[in-house]
Amino acid sequence: MITYVINLDHKTDRMARMQALLDAAGLAFERVAGVNGRALSEAELAPWSACHPEGSRRLSAGEIGCLLSHREAWARIAASGEPGVVVEDDIHLAKAATRLLQDPAWLPANADLVKIETTGKSVQIGRERQSLGNGIELARLKSAHLGTAGYIATPKAAQHLLAKVQTCDRALDHILFDPASPLFAELTTYQTIPALCIQDQFMAKDRRLGLDGEIERAWALHRQKRSLGQKLQREIARLSQQAAFAWSGSPLNPISDRRNLRIALAPG
């Protein structure tokens, strides 16, 4: 498989690091020139983002740049006719990635996307797991697992994404890897267990390289001050969601088709 590395033109140090990482792992790769959303005009940004009722964009410039960068990777995968790996340039790669990212023969026949990264948070996976050897397993992703720093896409999925992901009402990771997105139900998504890569910002502090993400989230840019009542209501909703999440993926739940699991990074 080809690994498509999304990298902004001015981040030459990051690309040099990724080249050394992928060369050492024996993985074929292509650089995908990342789109700097902050360098785009409002006219160039507008077609890709839905708007709030008052007219402001739902996506930040950085989120739109991320979307356009991944669309270029999808276009290359679709044109190649072969599954491809899409990564961002701030990842750490596990040793297990070498074997699995070279040959796609292990991909399930029904797979559209395979998420190979982790943020270290608990997610829900299907009860059934498939062994890929060397301690790596594969299971259906059943809950939100945000981030777009590492995933495999099939040509069929890439074509579907190019057709469906146009004007967006949410950030790309929410579109791809959150069941709240209508697109999630249209694709069959798996998760490697443990993960094959992780972004630098989620590494242990003593192992970070300072490659923090640079994409500003729209919700952070337009954060509104909440009243005490609104804060209390939000906290109650959060606790309720946490309880529902815990029970739905609990081994004590006899009718559940999923399990809660904190996805670790594979050794190395």
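Glu30 is partly exposed, with a relative accessibility of 34%. In this predicted model, the side chain of Glu30 meets that of Arg76 in a salt bridge, with an N to O distance of 3.1 Å.

Strand S2 is part of an open, mixed sheet of eight strands, ordered S2-S1-S3-S10-S5-S11-S9-S8. Strands S2 (29-33) and S8 (130-133) each have a single partner strand and therefore stand at the edges, one side of each being left without a neighbour in the sheet. From one strand to the next, the twist averages 25°. Within the sheet, S5 (residues 113-115) and S10 (residues 150-153) pair in the antiparallel sense over three bridges; Lys115 has Tyr151 of S10 as its bridge partner.

Across the whole structure, 11 salt bridges are found. Among them, Lys142 pairs with Asp257, the closest N and O atoms lying 3.5 Å apart. This pair connects the loop between strand S9 (136-140) and S10 with the loop between helix H8 (228-248) and strand S13 (258-262), spanning 115 residues. Lys142 is partly exposed at 22% relative accessibility, as is Asp257 at 39%. A further salt bridge, of 2.9 Å from N to O, brings together the side chains of Glu186 and Lys164. Glu186 lies in the loop between helix H6 (172-177) and strand S11 (189-193), and Lys164 in helix H5 (residues 155-164), 22 residues apart.

Conventions
Residues are numbered from 1 along each chain as its sequence is written. This is a predicted model: local features need pLDDT of at least 70, side-chain atom pairs count only at pLDDT 80 or more; totals for chains, interfaces and linings use all residues. Side-chain values use heavy atoms; hydrogens and water are left out. Two strands pair if DSSP finds at least two bridges between them. Helices (H or I, at least four residues) and strands (E, at least two) are DSSP runs, numbered from the N terminus. Axes are lines fitted to C-alpha atoms, for helices over the stretch in contact, and angles run from 0 to 180 degrees between N-to-C directions. A salt bridge is a side-chain nitrogen of Lys or Arg within 4 Å of a carboxyl oxygen of Asp or Glu. Buried means under 20% relative accessible area, exposed over 50%, partly exposed in between (1.4 Å probe, protein chains only).
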